[in-house]
Amino acid sequence: MKIAIFIEPSNEINKKIIKWKKLIKRSFGNQKYSNHPVHLTLAVYKFKKRPTNFFYNSLKKDISIIKKFNIYLSKANVFYNDELINGNTLYFSVKKKQKIFNLQKKIILNFKNLRKNMIIKRNFKNLKLNKNSLNYGFPFVGKIWIPHLTVSSISLSSDKNKMSKLIEDFLSQKIHNKKIKVNKISIWKINGDRHKKIYSFSMQ
């Protein structure tokens, strides 16, 4: 089973991303991430069995003492030839701010204690990603992590001209400095493309 830790954006940004998800589905059919809820991923783990309620109560306590803060969108961008899904992944990048890295670190260190119960991916081309996976159970930790809101991927087998035009339109958006209030995190259980929210933890 997979467990993910998300930040959910404001309604305005949520609507904008859902609009793009629908456009991509109409143009290219179902694509990776196109059916996922709108979110910024802090971490994702694959477990042999679900963590106990005791663990989540401990995580809730740690999150509750963190002060809420704001983050800001930077620009529309693309992960070209995304090795995780063999496609181009469209996303809104988030300005790197120390507070969001501190939040991720707090979560990562909590989950690190459950490493023996994790199924860990170790075959990344980037050696730093493999090292992070082994150490923390999640590859995108610290400076190598790019905080972002995923919109959708488009398979590399899709019509190239149509994909290029859509990506050009996507990248032309002016979203600089759109604000996201970070006042809670949500925990999701993932099964394939199905996402179920199981916890929501508020900050101070």
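Not counting residues up to four places away in sequence, L129 touches F124, P139, F140 and I144, where contact means heavy atoms within 4.5 Å. The model is a predicted one, in which local features need pLDDT of at least 70 and side-chain atom pairs count only at pLDDT 80 or more, while totals for chains, interfaces and linings use all residues. Residues are numbered from 1 along each chain as its sequence is written, and side-chain values use heavy atoms, with hydrogens and water left out.

L129 belongs to helix α4, which covers residues 127-136. Helices (H or I, at least four residues) and strands (E, at least two) are DSSP runs, numbered from the N terminus. With a relative accessible area of 7%, L129 is buried; buried means under 20% relative accessible area, exposed over 50%, and partly exposed in between, with a 1.4 Å probe and protein chains only. L129 and I144 lie 15 residues apart along the chain, and their C-alpha atoms are separated by 8.1 Å.

A43 is located in strand β2 (residues 40-46). Residues up to four places away in sequence aside, A43 touches I3, A4, I5, I108 and F138. Between A43 and K189 there are 146 residues of separation in sequence and 12 Å in space, C-alpha to C-alpha.

In soluble globular proteins, nonpolar side chains tend to be buried together. A nonpolar core is a set of buried Ala, Val, Leu, Ile, Met, Phe, Trp, Tyr and Cys residues joined through side-chain atoms within 4.5 Å. The largest such core in the model has 54 residues, and L42, L103, F111 and I185 touch the most other members. Helix α3 (residues 98-112) gives the most to this core, with six residues. When neighbours within four places in sequence are left aside, I185 is in contact with I5, F6, L42, I63, L103, I107, Y199, S200, F201 and M203.

The strand arrangement was examined next. Two strands pair if DSSP finds at least two bridges between them. Strand β7 (residues 184-191) pairs with strand β1 (residues 2-7) in the antiparallel sense over five bridges, and A4 stands opposite W188 in β7. Strand β7 also pairs in the antiparallel sense with strand β8 (residues 194-202), over eight bridges. In this pairing, K184 stands opposite S202 and I190 stands opposite H195. The hairpin of β7 and β8 has two residues between the strands, and G192 takes a positive phi near 65° there.

I198 is placed in strand β8. Not counting residues up to four places away in sequence, I198 touches I3, R50, Y56, I187, W188 and K189. I198 and H148 are 50 residues apart in sequence, and 22 Å separates them in space, C-alpha to C-alpha.

Two packed helices are described by the angle between their axes and the distance between the axes. For helix α1 (residues 11-28) and helix α5 (residues 160-171), the axes come within 11 Å and cross at roughly 170°. Axes are lines fitted to C-alpha atoms, for helices over the stretch in contact, and angles run from 0 to 180 degrees between N-to-C directions. Helices α1 and α5 are therefore roughly antiparallel to each other; angles under 35 degrees count as roughly parallel, over 145 as roughly antiparallel, 65 to 115 as roughly perpendicular and the rest as oblique. In the contact, W20, L23, I24, S27 and F28 of α1 meet K162, M163, L166, D169 and F170 of α5. By class, the contact of α1 with α5 has seven nonpolar, one polar and two charged residues. Here Ala, Val, Leu, Ile, Met, Phe, Trp, Tyr, Cys and Pro count as nonpolar, Asp, Glu, Lys and Arg as charged, and the others, Gly among them, as polar.

Most residues other than glycine have a negative phi, and most peptide bonds are trans. N81 is not a glycine, yet has a positive phi of about 50°. N81 lies in strand β3 (residues 69-82) and is exposed, with a relative accessible area of 54%. N177, also not a glycine, has a positive phi of about 70°. N177 lies in the loop between α5 and β6 (179-182) and is partly exposed, with a relative accessible area of 40%.
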